[in-house]
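Q: I would like to learn how to read a model like this one. Can we go through it feature by feature?

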Amino acid sequence: MVVIRLSRGGAKARPFYNIVVADKRVRRDGSFIERIGFYNPTAKGGEETLRLAQDRLAYWKSVGAQTSDTVDRLAKQAAKQAA
């Protein structure tokens, strides 16, 4: 099964998450199929907090990929920002 989930990066106490399409059996920060965006919860000032390729998200969902609860929430937030 293919899932769309967050993959953690960054340093200790400064998280940075990539939004990736990956096989469910692969570990959280392991290999992935495609990177479709990022989420930076500690962004300050003019830094970008969230970027998500809505067209790629729609494609992967159309071919059966499941999204995590957090990615669902972030997708709604990104759609609201784009509108």
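A: Start at a turn. In the hairpin of strand 1 and strand 2, two residues lie between the strands, and Ala 13 there takes a positive phi near 65°. Strands (E, at least two residues) and helices (H or I, at least four) are DSSP runs, numbered from the N terminus. This is a predicted model: local features need pLDDT of at least 70, side-chain atom pairs count only at pLDDT 80 or more, and totals for chains, interfaces and linings use all residues. Residues are numbered from 1 along each chain as its sequence is written, and side-chain values use heavy atoms, with hydrogens and water left out.

Q: How many bridges join strand 1 to strand 2?

A: Two strands pair if DSSP finds at least two bridges between them. Here strand 1 and strand 2 run antiparallel, joined by ten bridges. Strand 2 also pairs with strand 3, again antiparallel, over five bridges. Tyr 17 has Tyr 39 of strand 3 as its bridge partner.

Q: Is Ser 7 buried or exposed?

A: Buried means under 20% relative accessible area, exposed over 50%, and partly exposed in between (1.4 Å probe, protein chains only). Ser 7 has 8%, so Ser 7 is buried. Ser 7 lies in strand 1, and its bridge partner in strand 2 is Asn 18.

Q: What does the side chain of Ser 7 reach?

A: A polar contact is a pair of N or O atoms within 3.5 Å; within protein, one must be able to donate a hydrogen and the other to accept it, and residues adjacent in sequence count only if both atoms are side-chain atoms. The Ser 7 side chain reaches the backbone oxygen of Arg 28 at 3.5 Å. Asn 40, in the loop between strand 3 and strand 4, has a side-chain polar contact of 3.2 Å with Thr 42.

Q: Which residues of helix 2 are buried?

A: An α-helix has 3.6 residues a turn, so residues three or four places apart point the same way. In helix 2, Val 71, Leu 74, Ala 75 and Ala 78 are buried. They cover an arc of only 105° around the axis (taken from the directions from the axis to the C-beta atoms), so they sit on the same side of helix 2. The face turned away from that buried side carries the exposed residues Asp 69, Lys 76 and Lys 80.

Q: What do the buried residues of helix 2 pack against?

A: Contact means heavy atoms within 4.5 Å. Their partners include strand 1 (2–11), strand 3 (34–39) and helix 1 (54–62).
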